[in-house]
Amino acid sequence: MLLSVEDLKIGFGLLEPLVGVDLGVDAGEILGLVGESGSGKSMTAMSIMGMLPLMGGRIKQGRIVFDGLDLTTINEGSYRKLRGGRIALITQNPMTSLDPVVRVGRQIDQASQLHLGLDRKEAKSRTIDLMDRMRIPSPQHAYDLFPHQLSGGLRQRIVIAMALAGDPDLLIADEPTTALDVTVQAQIIQLLVELVRDRGLGLILITHDMGVIAQTCDRVAVMYCGRVVEYGPVARLFDDPRHPYTRALISCIPQLGMAPGTLTGIPGMVPSSQNLPKGCRFHPRCDSVLDNCRLREPPMKTEDGRSVACFLHEGGQR
Amino acid sequence: MTPLLSVRKLSRVFSSNGGFLRKKRQFRAVSDVSFDVRRGDVLGVVGESGCGKSTLARLVLRLIEPSAGAVMFDGQDIASLPAGAIRPLRRHFQMVFQDPYSSIDPRLTVRDALLEPFQVQDIKMTKVAAKSKIDALLTEVSLPLSMADSYQHQLSGGQKQRVGIARALALSPALVVLDEPTASLDVSIQAQVIALLQELRDRLDLTYMFISHDLALVQYFCDRILVMYLGRIVEILPRGELPVHPYTKALMDSAFVPDPNQRRDIPRIYGEIPSGYDEPTGCAFVGRCPLAEARCSKSLPRLQSLSENHAVACHVQGPVNVPMEFQNAL
């Protein structure tokens, strides 16, 4: 495993926005993190990036092992060498990750100068090469542009080029296409998939769209209210979703040829972490509640390569 | 029966002010758009950002002035009426905005926000009547009655959008224009809101114009779909029919099917929507179209009928009007 997160629990004061998160990603593999807003997807990304202390949180329990190194034990100085170098993050809105007053080419240069120790000239030729591979038209010209002169799709390509400039092993993409148009979204997702397949990167793809997950990922972790509720290979998870939440999320996607009135959504909404329900966190919205669900939290059960935290599957019975 | 809404040759040109050493430029946001919406129908409008779909919505409700064309609402041309004569008519056509965070005044309670339309229309109500109206509206959109005293910031995104819908319904309109009402919501909440809109349409006999960038959602929800590209309609598609225009096909192929057993190579078209300045002489899609031919960049394809409800504007895929014997000559 390139990265494995083991039994992670984080705390902000008394609040615990993530509890018992277990997941892993290998080189050349795409792991999907899916769930509604407020389910802890971005918080997981922030924990891996070591940004919790900057946000006022801390890791209470568990390990994050990246290439044999436990990231929960290293200091900020060692983290800085990893961040943007071996682990890179792509955020949802490209405008917030770009400096509006620096030419985009220079911004990509900075990562390779810092992490690969290139001089300015080498960095520039590497940048133009990267921009070309991101299919940015006329990279020589685009190098000298400012972010506001580019369209949303091109900006996101610049951000991806920036993430790749430090030659990372692991890429975390946090809703990389939510702000983009559908045809551009498809292009960016395709680009990320190619990067993983061609360069053997590990990719954690965070999204709320089960469609994107189905089309791209190898494995999926479905998150709800700060817990992973189901985890497994993508094909088996879609063919036979075990957790009612997974099933509900899949049925929320409108598909061609769907009869009117069949799209119903999930009733209610994600509770806030100050106000979690007793028992299983999903039980107030679940369509197959048992008595047990209201009393205790279901533990994660692993069975031939896939895990689920639901009393419906306690002890292997359906 | 006459359609509830008939739009004819509607256009809007925005011009940027020229200045010292700067030429005045014109941006054609909506060009020559015509369509009908029958009573009780849901008309979908799809396209990427910059295709003019939101401008079209605002033109239809005359929130902005058209440069040319007519908007017949129930037989009356609201595009040419003087501004003062429009206001009493506005209760018949309402809008739900994309961003519920900014469309509700943060200093108003839900109750006050829902009473605003009545104040604007100068409809006087007793306190008792107002209370029962608010209760009825909240029930209509399945919000708890206790929410009337909440402020906008105390609500979730889905709840805010329900308040936005309740406010649009307050004056019992005939037409509701929905401008990407679910774009900022989670998929689970989006499905809830769509189910609510469907139920309201059946119960209150509403007509919708539903604007979205999600073709799968529009095909699920709408009876007819207008596909727009750079201010023009490229295809009008009835529910359940397969798209013909290469752009509509590309939109459909860009959707991610939630089934890992049906994986496919993702993009079939490249590039992004060009700028609306300096309109090309031919088809606007020519730069990205996989089927483009020489004639596509020379002349603008007109919208032509394929069948009663289906029309397409494409030289290559459109209906062929040339007699068979001359086809080889082209």
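In helix 6 of chain A, the buried residues are A123(A), R126(A), T127(A), L130(A) and M131(A). Seen down the axis of helix 6 of chain A, these buried residues fall within an arc of 135°, so they line one face of the helix. The model that shows this is a predicted one, and for the complex the predictor gives an ipTM of 0.82 together with a pTM of 0.87.

**Helix 6 of chain A**

- Helix 6 of chain A, which covers residues 120-133, has 14 residues and reaches 20 Å from its first C-alpha to its last, close to the 20 Å expected at 1.5 Å a residue.
- The buried residues of helix 6 of chain A are covered by elements that include helix 5 (104-116), helix 7 (139-142) and helix 8 (152-165) of chain A, while on the other side of helix 6 the residues K121(A), S125(A) and D129(A) are exposed.
- Helix 6 of chain A is followed by R135(A), a residue whose phi is positive, near 60°.

**Chain A as a whole**

- Chain A has a secondary structure of 13 helices and 12 strands, and its radius of gyration of 20 Å is close to the 20 Å that the globule rule gives for 318 residues, so chain A is as compact as a globular protein of that length.
- Taken along the principal axes, the C-alpha atoms of chain A fill a box of roughly 65 × 50 × 35 Å, and 49% of the 318 residues of the chain count as buried.
- Among the contacts in chain A with a separation of 6 or more, 63% are accounted for by residues 24 or more positions apart.

**A glycine in a loop of chain A**

- G268(A) lies in the loop between helix 12 (244-251) and helix 13 (291-295) of chain A, and it counts as partly exposed because it has 14 C-beta neighbours inside 10 Å.
- Leaving aside residues up to four places away in sequence, G268(A) touches P284(A) and R285(A); of this pair, R285(A) is 17 residues from G268(A) in sequence and 6.1 Å from it in space, C-alpha to C-alpha.

**Helix 5 of chain B**

- The 14 residues of helix 5 of chain B (residues 127-140) should span 20 Å at 1.5 Å a residue, and the end C-alpha atoms of this helix are 20 Å apart, which agrees.
- The buried residues of helix 5 of chain B are I134(B), L137(B) and L138(B), and, seen down the helix axis, they fall within an arc of 95°, so they line one face of the helix.
- These buried residues pack against helix 4 (110-120) and helix 6 (157-169) of chain B, whereas the face of helix 5 turned away from its buried side carries the exposed residues V128(B), A129(B), S132(B), D135(B) and T139(B).
- After helix 5 of chain B comes S142(B), whose phi is positive, near 55°.

**Positive phi values elsewhere in chain B**

- Most residues other than glycine have a negative phi.
- K9(B), a residue other than glycine, has a positive phi near 45°; K9(B) is found in strand 1 (residues 5-16) of chain B and counts as exposed, since it has 12 C-beta neighbours inside 10 Å.
- D74(B), which is not a glycine either, has a positive phi of about 55°; D74(B) is found in the loop between strand 4 (68-73) and strand 5 (76-77) of chain B, and with 16 other C-beta atoms within 10 Å it is partly exposed.

**Contact between the chains**

- The contact takes 39 residues from chain A and 35 residues from chain B.
- On the side of chain B that touches chain A, helix 7 (187-204), helix 8 (215-221) and helix 9 (246-253) of chain B each supply at least two residues, and helix 7 gives the most, with 8 residues.
- The residues on this side of chain B divide into 19 nonpolar, 10 polar and 6 charged.

**Confidence in chain B**

- The average pLDDT of chain B is 88, and 95% of the residues score at least 70.
- Over residues 326-330 of chain B the pLDDT is below 50, and this stretch has 3 contacts in the model beyond near neighbours in sequence.

Methods. Residues numbered from 1 in each chain as written. Chains lettered and ligands numbered in written order. Predicted model: local features only at pLDDT ≥ 70, side-chain atom pairs only at ≥ 80, totals over all residues. Contact = placed C-beta atoms within 7 Å. Helix = DSSP H or I, 4+ residues; strand = E, 2+ residues; numbered from the N terminus. Nonpolar A, V, L, I, M, F, W, Y, C, P; charged D, E, K, R; others polar. pLDDT = per-residue confidence, 0-100. Expected span 1.5 Å × (residues − 1). Buried ≥ 20, exposed ≤ 12 C-beta atoms within 10 Å, placed from the backbone. Arc of directions from axis to C-beta. Rg over C-alpha atoms; globule rule 2.2 N^0.38 Å.
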